[in-house]
Amino acid sequence: MEKKWTAIIEPQKRIFDLNLKEVWQYKDLIWLFVKRDFTTKFKQTILGPLWYIIQPLFTTIVQTFVFGNIAKLPTDGVPQFLFYMAGNVPWAYFSSCLQSTSNTFVGNASVFGKVYFPRLTTPIATVISSLFNFIVQFVMFLGFTLYFFLTGANIHITWVAALTPLFIAQMAILGMGFGIIISSLTTKYRDLQVLVGFGVSLWMYATPVIYSGSTLSPKLYSLMMLNPMAPIIELLRYGWLGSGTLPLLYWGISLITTFIVLFIGIIIFNKVEKTFMDTV
Amino acid sequence: MDERDIAIKITGLKKKYRLGVIGGGTLKGDIESWLAKKRGKDDPNSKLGSKTYEKNETFMALDGINLTVNKGERLGIIGHNGAGKSTLLKILSRVTAPTEGRICIDGRISSMLEVGTGFSGELTGRENIYLNGAILGMTRAEVTSKIDQIIEFSECAQFIDTPVKRYSSGMYVKLAFAVAAHLDSEILVMDEVLAVGDMKFQQKCLGKMSDVSSSEGRTVLYVSHNMSTIRQLCSRCVVLDHGKLVYDGEVENAIAIYSDIRKGEKKPKIDLRNAIRYKDLKMMRQVSFLTAEFLDKEETVFDVDETVRLKLTLDSKIDIHRAKIRLGIYDIYNRKIASAICDNVGSIHKGGNEVTLDISFEGLAEGTYRGELIVFDNNDYGTIMEYDIVLEAFFFELKHPLMEYNWNARKWGAVRLTDMKKI
């Protein structure tokens, strides 16, 4: 009788040898990583978690001043401050997911080189800890929305707002998908690490964060909407502020793109994690 | 052997590393090299004059390892630097994948290639126990059920709620080891982690390891250069050399083989020109040993009471009038245990010289030894000037023809005094 082994180690042959069940077995580790990120982030800072709020608040104020008051970009009749914050907060979440997961292999090489655990736990934990940031910031955004609503600004909630959890999940998956692809490639080529930083900030301009989709020509609009992040931001703004366009079809494409990216990401990641210690 | 008793089964394991620089390091560099190759030009990224490694020039860190470890065994793995020990452990701990071959594992495996992997300085000792435990594969519930034992074992109870960045390095190690020692996994892989920490704690850890192995039937794989911990902990030992398994079995035998793995065959004629020498000679090696030959011998295995004849050839750049030769003897634990001197070598002339010596090893116990050769001289004030020191001149084995049992060199020493006589 052939013996049943707990684990078999062999040179990887199959591409789809994913073993996602194992990641689930290590859920406690994911949780502890999140907790570690949380505790270590604001140790020895005076303002502590207040930084979560200060960051997007100041970005929004500066954008309101530069793009709203100096460049005078139209904001679909929504108060400029709210308009920019509605773009900013989700974009910040996406970019932090992407940037922090893109460092998975190189940043954790010392731990990965010494002990085995499913490597996917690290990017997942990163995405979850960024989620806490995002939730705090989003609550702040809702607070401002309520304030502007009560003071009679021209905003109203639409049914699309109910899809918010879906949008958040999609941003997390998209950010992580791109992040792990980049992290897998940076084990060999460090160029990408440099690229990520300014690539993400350039990407922001291809996304309706500081401008509205409605200000673009139809041709440019459909081109931009192929950017998977564009429909998400546009829809979030439509949902909570009732302004801008409703690109539901493009969102469908964006969802498909998201899953393709995640799929490719996990496959590359899985392939690299087995031997990256030899090349990193 | 019943398959159910096997904890780890390794078959045909190989690990290949590519030599030279892996890739250009940058995407641009790789594309350039690739384009150049396509066009049949020289690689713009290869350094001029440097030895270029062919693409398929490789290094086998592990070259076909077959090994079966049974449940509850404490297996020691020894070998010289570069023998492949760490690579083996890395593959076992799934840090890197093998190139060929396969390992079947029955039971959860935890590896400690380093103490305190993943410790975060900002977290307290307690939080780090949870984190480290989880990294090593424990669930929260498991850690919670053992946390009191872990804290007690670590001897850090007083500081357990202090961030570990304030810990002394000793405390850090103790805490880290305490976590690992309380893992529930059936197989524990350790790489020389006990080299840190004080003696008392080391002993405590070794005790704990033996305990878990014998009482709970857990399997331990332990790599070390410290033979005494290997002896204390392991029930079986393998020796690796150049990626191959050269011995598998008794701990003492393994250590003996490890100690003289370099000796090669016990050839009676030895070329000393490239032997390992003492480097910082004051006299600039004006005299050099060339060869050593044991006359009328097939191999360097002698009876304890035998007198052997050793012919040495030396090359000299100067004339020495009252040259002397010393033979130093080391045991397999690399302890120098005796020296023999020939005071009347006489004069050594410029050019080639030949010296033949009669040597008796009487007094030494049976076992394997290493000989060291020194040619020296002294001035009128008794100061010694050494011209050449060959640290590893030859290896030899002494046999006692009338022994019914083995001489235990580790416990009994290397000198066997004249046997006591019953009156």
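In this predicted model, helix 3 of chain B sits under a cover that includes helix 2 of chain A, together with helix 4 (140–154) and helix 5 (169–181) of chain B. How many residues of helix 3 of chain B are buried? The count is 10 of the 11 residues in the helix, which spans residues 125–135, so helix 3 of chain B is largely enclosed by the rest of the structure. The buried set starts with B:Gly125 and goes on through B:Glu127, B:Asn128, B:Ile129, B:Tyr130, B:Leu131, B:Asn132, B:Gly133, B:Ala134 and B:Ile135. Once helix 3 of chain B is over, B:Gly137 follows, and its phi is positive, near 110 degrees.

That cover brings in the other chain, which leads to the interface. Here, 32 residues of chain A are in contact with 40 residues of chain B. On the chain A side, the elements giving two or more residues are strand 1 (7–9), helix 2, helix 6 (109–112) and helix 12 (248–275). Which of them gives the largest share? It is helix 2 of chain A, with 6 residues on the side that touches chain B. Sorted by class, the residues on this side of chain A come to 14 nonpolar, 7 polar and 11 charged.

Strand 1 of chain A takes part in another way: it is joined by 3 bridges to strand 4 of chain B (residues 100–105), and the two strands run antiparallel.

Helix 2 packs with helix 7 of chain A (residues 121–150) at an angle of about 50 degrees, and the two axes are 8 Å apart. Are these helices parallel or oblique to each other? Angles from 65 to 115 degrees would be roughly perpendicular and angles under 35 degrees roughly parallel, and helix 2 and helix 7 of chain A are therefore oblique to each other. The crossing of helix 2 past helix 7 of chain A is right-handed. On the helix 2 side, the contact is made by A:Leu29, A:Ile30, A:Phe33, A:Val34, A:Asp37 and A:Phe38. Helix 7 of chain A brings A:Thr121, A:Thr122, A:Ile124, A:Ala125, A:Ile128, A:Ser129 and A:Phe132 to the contact. An α-helix has 3.6 residues a turn, so residues three or four places apart point the same way. By class, the contact between helix 2 and helix 7 of chain A holds 9 nonpolar, 3 polar and 1 charged residues.

Another spot in chain A is A:Ser96, a residue of helix 4 of chain A (residues 80–101). Is A:Ser96 buried or exposed? With 20 C-beta neighbours inside 10 Å, A:Ser96 counts as buried. Leaving aside neighbours within four places in sequence, A:Ser96 is in contact with A:Ser130 and A:Asn133. A:Phe134 is 38 residues away from A:Ser96 along the chain, yet their C-alpha atoms are separated by 9.7 Å.

Now for chain B as a whole. Of its 423 residues, 38% count as buried. Among contacts in chain B between residues at least 6 apart in sequence, 72% join residues at least 24 apart.

Some of those strands build an open sheet of 4 strands in chain B, in the order 10-11-13-16 and with antiparallel pairing. At the edges are strand 10 (269–271) and strand 16 of chain B, each pairing on one side only. Neighbouring strands of the sheet are turned by 25 degrees against each other on average, direction ignored.

Going across the sheet, strand 10 and strand 11 of chain B pair over 3 bridges, and B:Lys269 has B:Glu293 of strand 11 as its bridge partner. On its other side, B:Glu293 stands opposite B:Lys311 in strand 13 of chain B. Strand 11 (residues 287–294) and strand 13 (residues 307–316) of chain B pair over 7 bridges. Further partners in this pairing include B:Thr291 with B:Thr313 and B:Phe294 with B:Leu310. Next, strand 13 and strand 16 of chain B (residues 351–360) pair over 10 bridges in the antiparallel sense. There, B:Arg309 stands opposite B:Asp358 of strand 16.

Key:
Residues numbered from 1 in each chain as written. Chains lettered and ligands numbered in written order. Predicted model: local features only at pLDDT ≥ 70, side-chain atom pairs only at ≥ 80, totals over all residues. Axes fitted to C-alpha atoms, helices over the stretch in contact; angles between N-to-C directions. Parallel < 35°, antiparallel > 145°, perpendicular 65-115°, else oblique. Left-handed = near helix turned anticlockwise from the far one by under 90°. Contact = placed C-beta atoms within 7 Å. Nonpolar A, V, L, I, M, F, W, Y, C, P; charged D, E, K, R; others polar. Pairing = 2+ DSSP bridges. Buried ≥ 20, exposed ≤ 12 C-beta atoms within 10 Å, placed from the backbone.
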